[in-house]
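Come along while I look things up one by one.

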Amino acid sequence: MAECCGSGTKLIYACSGAADVGEIADRVTRKLRKEGDFLMTCLAGIGAGLSGYVQSAKGADENITIDGCPVACARKTLERIGVTPTSYILTDLGLVKGESPVSEKIVDLMCEKIKKAKGSKTVQERTITGGCGCGGKC
Amino acid sequence: MKIEILGVGCAKCHKLEEIVRAVVGDTGVSAEIIKVEDIKKIMGYGVMTTPALVIDGEVRIAGKMPTTDQVKSWLTVK
């Protein structure tokens with residue numbers, strides 16, 4: 001639901017990845033939405049340039065992206081509109097793309113790691129390795 | 001011109017409406033001003049945080065209060 005005139009609005013977005021880590025990113029985002037004080041909203045709306053989604057991102061106090069792999073589509077989608085999100089990438093938290101079967105256990109583990117981790121605000125804070133990190137398995 | 005102010009009725013929504021009405025009055029722009037308080041309609045715009053201002057179907061700002069000058073530029077620049 002939309003936040004009315006609230007301060008401290010935090011929006012959270014999942015990448016729309018087709019791989020296993022993409023599905024986990026989606027489920028992690030939905031679980032964090034249910035457990036925390038985040039509003040989940042549509043990354044695709046921002047990609048499509050829909051004004052409501054774009055302006056909501058620009059007006060939020062914090063935007064959080066959950067990406068499955070280092071391609072970081074969710075983070076880059078926000079950066080394209082001039083928004084720097086707090087970025088979490090599941091392969092940075094231990095998952096291997098193409099080798100991570102989706103399960104409640106893995107979703108719970110990723111949620112706990114995200115709650116404990118410090119998200120990366122800028123590209124410079126992360127080690128750039130290039131590629132999607134799957135080793136050819138995606 | 002159609003101007004929609006999205007919000008369920010808190011102080012910030014009222015303030016935004018005041019700003020918009022003042023700018024419309026000062027500039028003489030011909031505009032229909034509508035207050036949208038229905039949460040489903042608000043979300044239909046993709047807006048996640050209010051107040052929000054929609055001009056001719058385009059969301060210009062959401063979750064922040066615009067300045068009078070910003071509103072004036074949106075209403076007067078084609």
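What percentage of the contacts in chain A with a separation of 6 or more comes from residues 24 or more positions apart? I looked it up, and the share is 67%. I count two residues as in contact if their C-beta atoms, placed from the backbone, lie within 7 Å.

**Ground rules.** I am working with a predicted model, where local features need pLDDT of at least 70, side-chain atom pairs count only at pLDDT 80 or more, and totals for chains, interfaces and linings use all residues. Residues are numbered from 1 along each chain as its sequence is written, while chains are lettered from A and ligands numbered from 1 in the order in which they are written.

**Chain A, overview.** I found five helices and five strands in chain A. Helices (H or I, at least four residues) and strands (E, at least two) are DSSP runs, numbered from the N terminus. Read from the N terminus on, the order is β-β-α-β-α-α-β-α-β-α. Of the 138 residues, 44% count as buried, that is, with 20 or more other C-beta atoms within 10 Å of their own, C-beta atoms being placed from the backbone.

**Strand β2 of chain A.** I looked at β2(A), residues 10-14, and four of its five residues are buried. Strands pair if DSSP finds at least two bridges between them. β2(A) pairs in the parallel sense with β4(A), residues 62-67, over five bridges, and there Tyr13(A) stands opposite Thr65(A). β2(A) also pairs in the parallel sense with β3(A), residues 39-40, over two bridges; here Ile12(A) stands opposite Met40(A).

**Chain B, the sheet.** I traced an open sheet of four strands in the order β2-β1-β4-β5, with mixed pairing. Its edge strands are β2 (32-36) and β5 (58-62) of chain B, each pairing on one side only. β1(B), residues 2-6, runs parallel to β2(B), joined by five bridges, and Ile3(B) has Ile33(B) as its bridge partner.

**Where the chains meet.** I saw that 19 residues of chain A are in contact with 23 residues of chain B. On the side of chain A that touches chain B, β1 (3-4) and α3 (51-59) of chain A are the elements that give two or more residues. The largest share, six residues, comes from α3(A). Which strands of the chain B sheet does α3(A) touch? I noted β4 (52-55) and β5 of chain B. The direction of α3(A) makes about 10° with that of β5(B), using lines fitted to C-alpha atoms, for helices over the stretch in contact, with angles from 0 to 180 degrees between N-to-C directions.

Notes: A residue is buried if 20 or more other C-beta atoms lie within 10 Å of its own, exposed if 12 or fewer, and partly exposed in between; C-beta atoms are placed from the backbone.
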